[in-house]
Amino acid sequence: MRLMVRNLDVFYGAIHALRRVTLHVDAGEIVALVGANGAGKTTMLATISGILRPRQGSVRLGERELTHLAPEAVVAAGLSHVPEGRRVFRPLSVEDNLRLGAYRRRAQRQAIAEDLERIYAMFPILRERRRQPAGTLSGGEQQMLAMGRALMARPRVLLLDEPSMGLAPLVVQEILNHIQNLRQKAGLTVLVVEQNARAALAIADRGYVLENGRIVLHGTAEELLNNHDVQRAYLGREREEACTGSGR
Ligand code: ATP
């Protein structure tokens, strides 16, 4: 299902956090929105999912206008948000956290049992740990739980806010593999925001670069990974040296 964001302007009081932001994610695509701390990435996802109200602009999911819907109506329309910092309910068990993702349709017991099975098949470690308090999970496991909880709402489009944050490189890789599987096996459309541009662009089809609330660059993931400005600003030293080296 296609997500289309047009000309979003978002303010926090006098702070102009998003400036005329336009982007789209086609059905079945993984799109990365990359940018430094404070660029506006979290604001972008919070606006798409109805938590913040834009002053101007629109958000559409397929044919449906989401712009003025409440967050629960946005979820019902097929869009789920995995927040920055996972936000799992630490004292609750893994399974209860997952069940909360299906709270809107809590009467459908059979369907919920099937969905739990589906999530456990996707993330076997969550099945093993299903009776443990979520607070006892590692960071990577909590990220899987936050993704599983979002999937319990049966979304068509998934928003992921900094899924790699605070995770060791091998765990980041595991989470990225899961995101790719969500697209391949569950047919999901994904918008992922990341400071870790290299990680996000490695699994994305296309990407956008956000700076001070504006989209300053967009292209295929490959184009962005090879772009010298992106390499200098977001991909760190290693890439920059590789790039300088190959230029000689
Ligand atoms: P991070 O990676 O740190 O989450 P980000 O790219 O997600 O960064 P945002 O959190 O969206 O950036 O912040 C965008 C801008 O809006 C920043 O200048 C930030 O200081 C400001 N901002 C964010 N939340 C608020 C708020 N609740 N009140 C006022 N200003 C805010």
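I take buried to mean under 20% relative accessible area, exposed to mean over 50%, and partly exposed to mean in between, with a 1.4 Å probe and protein chains only. The model I am reading is predicted, with local features needing pLDDT of at least 70, side-chain atom pairs counting only at pLDDT 80 or more, and totals for chains, interfaces and linings using all residues. Residues are numbered from 1 along each chain as its sequence is written, and side-chain values use heavy atoms, with hydrogens and water left out.

**Entry on I112.** I looked up I112 and found it in helix α4 (residues 109-122), where helices are DSSP runs of H or I with at least four residues, strands are runs of E with at least two, and both are numbered from the N terminus. I112 counts as buried because its relative accessibility is 6%. Beyond its neighbours within four places in sequence, I112 is in contact with R99, A102, R105, R106 and M152, contact meaning heavy atoms within 4.5 Å.

**Entry on L100.** I then turned to L100, which sits in helix α3 (residues 94-100) and is partly exposed, its relative accessible area being 36%.

**Entry on helix α6.** How many of the 13 residues of α6 are buried? I noted 12, so the helix is largely enclosed by the rest of the structure; among them are M144, L145 and M147. The buried residues of α6 pack against β6 (79-82), α3, α4, α5 (124-128), β7 (157-161) and α7 (169-186). I also checked the length of α6 (residues 139-151), whose end C-alpha atoms are 18 Å apart, in agreement with the 18 Å that its 13 residues should span at 1.5 Å a residue, the expected span being 1.5 Å times one less than the number of residues.
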